[in-house]
Amino acid sequence: MMDKSAAELISVTKSYGQSIAVDSISLKIPGNSYTCLLGPSGCGKSSTLRMIAGHESVSKGDILLGDKNITDLPPAERGTAMMFQNYALFPHLSVADNVAFSLKMKGVEKQARLSEAMKLLELVDMANFASRLPAQLSGGQQQRVALARALITNPSILLLDEPLSALDPFLRLRMRSELKRLQRELGISFIHVTHSQDEALSLADQIIVMNKGRIEQIGSAQDVFNQPQTQFVAKFMGGHNVMHDGQANVAIRSDKIKIARSMPEGSAGVQAVVREIEYLGTSFSVALNSAGEAADPNPISVTVPDALFSQEPLEIGQTVFLDWKPGDAHRLAS
């Protein structure tokens, strides 16, 4: 018996007339997992999520949930629940009635549905706000209510469309750990759309990087960050430099490059000129031009720990030499 919180997309395409938003993608979502669909605006990640939810029709291909083909089922019959970016709470209903609303639509009697709603509000730490209206809540509190409302249908998969984008940075960090805790406790799968690399790295068991309607790479957070397969993934994930080395392009993490004041012994040492220095708290980010390139469109980025920079400060315009271990240059497929 297949885990009902596992899903699979088989050659799924979404087209709007001549425009293709999602181009024949295939992927597997393991049961009881946290998956992030990651990519820039317009890459097809939200269209993919909405097709899984049933809010967009599939132009070609199939979507399976557990061992059931849900491609043509209406949203309410899929076993999925969607939490929208704007939370979409009913302004005239109390928090408890908002959470219980889908059970009311199913004909569940009042006491039973409110009892179920209170269980979910306890889960998201909002039971004390049950009688309030949405306008009396902060953004973070509204989000928790929207989460409880999505979970009351007891879905096999919870779909989250940019759920943290409206929150301030402090609350965003707190809600990240809350979402991960909930996914573990509930034992269902979460599929979360984001354009934030940090968000995906901190949350996901599996990251699916999308670009122009196609999947660029699927892997664990560590694999996608440390072993990008393409130039797009290396650049989009950040923290990498893409350089041409011999016959191929390689990605080298910014923190794996060493800056020396003189040519390192026994090294090919790339000569470079310091262009910008940015203080990031625990480290400095140093942007450099290859020597001879007055305005390099792709400057080399090096992360220097705060303590090391303090011992040997750098200055803009200074000529230095860059060095890295051969094993830290990761070869790219394209």
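This passage walks through the predicted fold of one protein, from its overall make-up down to single residues.

The structure is a predicted model, in which local features need pLDDT of at least 70 and side-chain atom pairs count only at pLDDT 80 or more, while totals for chains, interfaces and linings use all residues. Residues are numbered from 1 along each chain as its sequence is written, and side-chain values use heavy atoms, with hydrogens and water left out.

Let's start with the big picture. The protein has nine helices and 18 strands; helices (H or I, at least four residues) and strands (E, at least two) are DSSP runs, numbered from the N terminus. Its C-alpha trace spans about 80 × 45 × 35 Å along the principal axes. Of the 334 residues, 45% are buried, where buried means under 20% relative accessible area, exposed means over 50%, and partly exposed is in between (1.4 Å probe, protein chains only). The accessible surface comes to about 16,500 Å², and carbon and sulfur atoms hold 50% of it. These areas come from the Shrake-Rupley method with a 1.4 Å probe, and for residues only the protein chains shown count as cover.

How does the chain meet itself? If contacts between residues at least 6 apart in sequence are taken, 63% of them join residues at least 24 apart; a contact here means heavy atoms within 4.5 Å. As for charge, there are 32 positive and 35 negative side chains, with the centres of the two sets 6 Å apart. Lys and Arg count as positive and Asp and Glu as negative, while His and the chain ends are not counted. Each charge is placed at NZ of Lys, CZ of Arg, CG of Asp or CD of Glu.

Next come the cores. A nonpolar core is a set of buried Ala, Val, Leu, Ile, Met, Phe, Trp, Tyr and Cys residues joined through side-chain atoms within 4.5 Å. In soluble globular proteins, nonpolar side chains tend to be buried together. The largest core has 48 residues, and the members touching the most others are Leu147 and Leu158. Helix 4 (residues 139–151) gives the most to this core, with six residues. Setting aside neighbours within four places in sequence, Leu147 is in contact with Met83, Val124, Leu158, Leu160, Leu179 and Leu182. A second, separate core holds 25 residues, among them Leu9, Leu37, Ile70 and Val193.

Helix 4 also carries Gln143. This residue counts as buried because its relative accessible area is 1%. Not counting residues up to four places away in sequence, Gln143 touches Met83, Tyr87, Pro163, Leu164, Leu167 and Met175.

Helix 1 (residues 45–53) is mostly covered, with seven of its nine residues buried; Lys45 and Ser47 are among them. Just after helix 1, Gly54 takes a positive phi of about 90°. In helix 2 (residues 95–105), the buried residues are Val95, Ala96, Asn98, Val99, Ala100 and Leu103. Their cover includes helix 3 (110–123) and helix 4. Just after helix 2 sits Gly107, with a positive phi of about 90°.

Now for the strands, which pair if DSSP finds at least two bridges between them. Strand 11 (residues 240–245) and strand 12 (residues 248–253) run antiparallel and are joined by six bridges. His240 has Arg253 of strand 12 as its bridge partner. This hairpin has two residues between its strands, and Gly246 takes a positive phi near 70° there. Strand 12 also pairs with strand 18 (residues 329–331), in the antiparallel sense and over three bridges.

Ser11, in strand 1 (residues 7–16), has a phi near 45°. Ser11 counts as partly exposed because its relative accessibility is 33%. Asp125, in the loop between helix 3 and helix 4, has a phi near 65°. Asp125 counts as exposed because its relative accessibility is 56%.

Finally, Ala6 lies in the segment before strand 1. Ala6 is buried, with a relative accessible area of 8%. Beyond its neighbours within four places in sequence, Ala6 is in contact with Ile29, Pro30, Gly31, Leu64, Leu65 and Gly66. Ala6 and Ser156 are 150 residues apart along the chain, yet their C-alpha atoms are separated by 8.1 Å.
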